[in-house]
Amino acid sequence: MSDPSKSSAPAAGDDVPRAAFLYDPRVRGIVYQLVTLALVVWVGTEFWTNAVSNLERASIASGFGFLDTTAGFGIIQTLVSYTEESSYGRAFLVGLLNTLLVAAIGIVLATLIGFLVGIGSLSRNWLIRQICFIYVETMRNIPLLLHIFFWYFAVLRSVPGPRQSIEIAGSVFINNRGIYLPRPLAEDGFGFVLIVLALGVVVSFGIARWARRRREMTGQQFPVLYWTLGLVAGFPLLVFLILGLPMSFEYPGLRGLNFAGGVTLIPELISLVLALGIYTAGFIAENVRAGIQAVNKGQSEAASALGLTPGQTMRLIIIPQALRVIIPPLTNQYLNLTKNSSLAVAIAYPDLVSVFAGTVLNQTGQAVEILFLTMSVYLTLSIATSLLMNWYNARIALVER
């Protein structure tokens, strides 16, 4: 007679029944993701196939071959060489670089103003605190498009014309067509100055890291700011003077009805950068204020007991801890600023949307390809910004010992 216990026992090496494999949460998660990915690919394929067939029935050409066609239109601001004989692909590059320029300058401006206002909103000075409060409430509650219109139409368009330009030091001219600045022209020997500047930047980073480790181990401060100024500004300037000022300038001048020569900052660029920076700074200021208030008050009291000044306490104790709260919403504001730059089309600034998704689309009719490229650019910029900020957030995160 057979033993029932032996017949019901699992085979050797079969510790888990095969049916239990399907109930493993990790396996189910992988299966769900594969099914979702397959559905997304299928929907995308169907959309693309239907779009191509509809374009063929409407006798509209498809594909990206139009990028090699001559554009035939001018662009008022270009960071790379561009003429009316350039291709649509070149126009795409011009619009992309103009968008990146606005986003980069706007992010720096918004961050500087936002941190100053955020810290000022917690100042012990009543007047400074109220000014910061009014700034935040005013800027955040006015639509961004009105900010752009204010700077463009009410401020920059109200300055005098070219013949009545506001002159500063005989080399800077401001009128309703822009700000005209001298253009620096490098001469022989200036490359050595750039090499010294690059070395100064690298050495400054090394000194900053060494000073931070020294402070963490011994508590002693090191004048990093003075060393950085000396290496990045003082030493290159000294080399520049020793080499006999290897640089000349091309000054702008009135030629007929407008200025020529030098560097021109068009009103569209100035108004867009100011509007984006000042508007976004109001949101960043609130993030900074909330981050500082999230730090335990005992940290400030302990720093004061150790003899640190209020400035040292804010710079060395409060801000480093507050950044862990500030960075996540700050990332969102950077993304919003980059995407909000597409409102440049309202004042005809030649960004990616205005040039490529506007003029090029109207001329070629390649709606699917142009909008696909435009959306891909903004998606790539957003993902790149998120990855960079998430890396920085992880770098400054508290590590449990």
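How many bridges join strand β2 to strand β3, and in which direction do the two strands run? In this predicted model, strand β2, which spans residues 172-175, is joined to strand β3, which spans residues 178-181, by three bridges, and the two strands run antiparallel. Within this pairing, Phe 173 has Tyr 180 of β3 as its bridge partner. Strands of a sheet pair through backbone hydrogen bonds, in either a parallel or an antiparallel manner.

The β2-β3 pair belongs to an open sheet of four strands, in which the order is β1-β2-β3-β8 and the pairing is antiparallel. From one strand to the next, the twist averages 15°.

Elsewhere in the chain, helix α3, which comprises residues 25-57, contains Tyr 32, and Leu 39 is likewise found in helix α3. The relative accessibility of Tyr 32 is 53%, and Tyr 32 therefore counts as exposed, given that the term applies to values over 50%. Together with Val 31, Val 35 and Leu 39, Tyr 32 makes a nonpolar surface patch of about 390 Å².

Technical notes. Residues are numbered from 1 along each chain as its sequence is written. This is a predicted model: local features need pLDDT of at least 70, side-chain atom pairs count only at pLDDT 80 or more; totals for chains, interfaces and linings use all residues. Side-chain values use heavy atoms; hydrogens and water are left out. Two strands pair if DSSP finds at least two bridges between them. Axes are lines fitted to C-alpha atoms, for helices over the stretch in contact, and angles run from 0 to 180 degrees between N-to-C directions. Buried means under 20% relative accessible area, exposed over 50%, partly exposed in between (1.4 Å probe, protein chains only). Patches are made of residues with over 30% relative accessible area and no salt bridge: like charges are joined within 9 Å, nonpolar side chains (Val, Leu, Ile, Met, Phe, Trp, Tyr) within 5 Å. Accessible areas come from the Shrake-Rupley method with a 1.4 Å probe; for residues, only the protein chains shown count as cover. A salt bridge is a side-chain nitrogen of Lys or Arg within 4 Å of a carboxyl oxygen of Asp or Glu.
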